[in-house]
Number of protein chains: 2
Amino acid sequence: MIIREITADECRAVLERVNFGRLGCARDNQPYVVPIYFSYHAGYLYGFSTPGQKIEWMRSNPLVCLEVDEQTSHDRWVSVVVSGRFQELPDTPEFAAERTQAHAALHKRAAWWEYTSVPGAEWRRKAGPFASVFYRIHIDTVTGHRATPGASS
Amino acid sequence: MIIREITADECRAVLERVNFGRLGCARDNQPYVVPIYFSYHAGYLYGFSTPGQKIEWMRSNPLVCLEVDEQTSHDRWVSVVVSGRFQELPDTPEFAAERTQAHAALHKRAAWWEYTSVPGAEWRRKAGPFASVFYRIHIDTVTGHRATPGASS
């Protein structure tokens with residue numbers, strides 16, 4: 001297996017193609033990782049969620065990491081790691097354009113809305129009535145690796 | 001789609017069955033998420049790596065999170081989230097039994113050794129000569145959710 005670093009353009013192509021990844025956030029240096037659906041557009045990753053632990057934690061500390069991978073076999077895969085910053089897109093006139101963009105980007109993806117109930121009933125009880133949260137992640141850095149079958153395996 | 005919380009026993013069954021997940025660590029509240037292979041045994045997750053960013057970060061802050069999921073379709077999946085603490089298993093007599101356990105646990109899994117070169121050449125240059133790192137993660141808490149097709153989809 002040969003593992004090589006891929007370029008930023010190749011990383012972006014993965015983010016455009018794959019709309020599912022694992023989002024890491026942290027509070028008091030305790031990381032928390034959950035699967036999310038997202039949509040990449042012009043340097044931002046757009047997401048949507050009901051209130052829950054990850055939203056609470058990202059509100060208190062906007063530093064996040066998103067890992068996205070595709071595996072064809074044990075020796076043929078690509079993995080991309082984004083470091084970025086969470087930004088909430090509240091339902092106010094100031095963020096109307098960003099929310100429209102978020103909705104348009106996410107709506108292209110099948111079943112994006114299916115996952116909005118994942119955080120669970122307990123968090124919804126704490127958060128009160130159902131309230132959807134739009135957010136985006138500003139990409140600060142992105143790195144990626146690709147493995148292909150080869151002599152070194 | 002109906003999403004329900006699963007029991008700790010059901011979570012452990014997932015960890016025993018699935019040997020691949022996404023590990024989150026954090027430094028200065030910046031999370032970092034990477035795919036890892038692991039093996040579950042008696043309350044610990046065993047892993048193996050070459051030196052690299054995740055090892056450096058876990059040495060400086062042992063608080064970690066591991067997310068493991070299985071997806072059959074968009075409305076049939078299980079996801080387990082572990083919060084735990086990294087413990088290195090150095091090559092000393094004191095840790096001989098734990099390293100033997102780690103090696104035995106990992107060796108059961110096909111291709112576990114294939115992924116030890118993932119961290120990349122840059123980190124190996126910084127770390128000096130090749131040195132494998134055995135570690136385990138003590139599970140502090142584990143939670144999980146299972147989705148099945150249902151009326152609420």
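Me: Buried means under 20% relative accessible area, exposed over 50%, and partly exposed in between, with a 1.4 Å probe and protein chains only. Is A:R22 buried or exposed?
Reply: The model is predicted, so local features need pLDDT of at least 70 and side-chain atom pairs count only at pLDDT 80 or more, while totals for chains, interfaces and linings use all residues; side-chain values use heavy atoms, without hydrogens and water. Residues are numbered from 1 along each chain as its sequence is written, and chains are lettered from A and ligands numbered from 1 in the order in which they are written. The relative accessibility of A:R22 is 6%. Because that value is under 20%, A:R22 counts as buried.

Me: In which element is A:R22 found?
Reply: Helices (H or I, at least four residues) and strands (E, at least two) are DSSP runs, numbered from the N terminus. A:R22 lies in the run of residues 20–27 of chain A. That run is strand β2.

Me: Which residues of chain B does A:R22 touch?
Reply: Contact means heavy atoms within 4.5 Å. Not counting residues up to four places away in sequence, A:R22 touches residues of chain A, including A:V33, A:P35 and A:C65. In chain B, A:R22 touches B:R22, B:V33, B:E67, B:D69 and B:Q71.

Me: What distance separates A:R22 and B:D69 in their polar contact?
Reply: A polar contact is a pair of N or O atoms within 3.5 Å; within protein, one must be able to donate a hydrogen and the other to accept it, and residues adjacent in sequence count only if both atoms are side-chain atoms. The contact joins the side chains of A:R22 and B:D69. The distance is 2.5 Å.

Me: How much area do chain B and chain A bury between them?
Reply: Buried area is the accessible area (1.4 Å probe) that two parts lose on being put together, summed over both. The contact takes 38 residues from chain B and 39 residues from chain A. Carbon and sulfur atoms hold 56% of the buried area. The total is about 3000 Å².

Me: How many salt bridges does the rule find across the interface of chain B and chain A?
Reply: A salt bridge is a side-chain nitrogen of Lys or Arg within 4 Å of a carboxyl oxygen of Asp or Glu. Over all chains the count comes to 18 salt bridges. Across the interface of chain B and chain A, the rule finds four.

Me: Which residue forms a salt bridge with A:E67?
Reply: The closest N and O atoms of the pair are 3.5 Å apart. The pair crosses between chains, from A:E67 in strand β6 (residues 63–73) of chain A to a residue in strand β2 of chain B. Both partners are buried. The partner of A:E67 is B:R22.

Me: Which elements give two or more residues to the side of chain B that touches chain A?
Reply: Between chain B and chain A, nine residue pairs are in polar contact, both at pLDDT 80 or more. The elements of chain B that give two or more residues to the side touching chain A are β2 (20–27), β3 (30–37), β6 (63–73) and β7 (76–88).

Me: How many charged residues are on the side of chain B that touches chain A?
Reply: Ala, Val, Leu, Ile, Met, Phe, Trp, Tyr, Cys and Pro count as nonpolar, Asp, Glu, Lys and Arg as charged, and the others, Gly among them, as polar. The side of chain B that touches chain A has 20 nonpolar and eleven polar residues. The charged residues number seven.

Me: Why are B:R12 and B:D9 separated by about one helical turn?
Reply: These two residues form a salt bridge with closest N and O atoms 2.3 Å apart. B:R12 is partly exposed at 32% relative accessibility, and B:D9 is exposed at 53%. They are about one helical turn apart because they lie three residues apart in helix α1 (residues 8–17) of chain B.

Me: Which side chain makes a polar contact of 2.7 Å with the side chain of B:R136?
Reply: B:R136 is in strand β8 (residues 133–148) of chain B and is buried at 10% relative accessibility. A polar contact of 3.4 Å links the side chains of B:R136 and B:Y46. The 2.7 Å contact of B:R136 is with B:Q87.

Me: How far apart in space are A:F134 and A:I36, C-alpha to C-alpha?
Reply: A:F134 lies in strand β8 (residues 133–148) of chain A and is buried at 6% relative accessibility. In sequence, A:F134 and A:I36 are 98 residues apart. In space, C-alpha to C-alpha, the distance is 13 Å.
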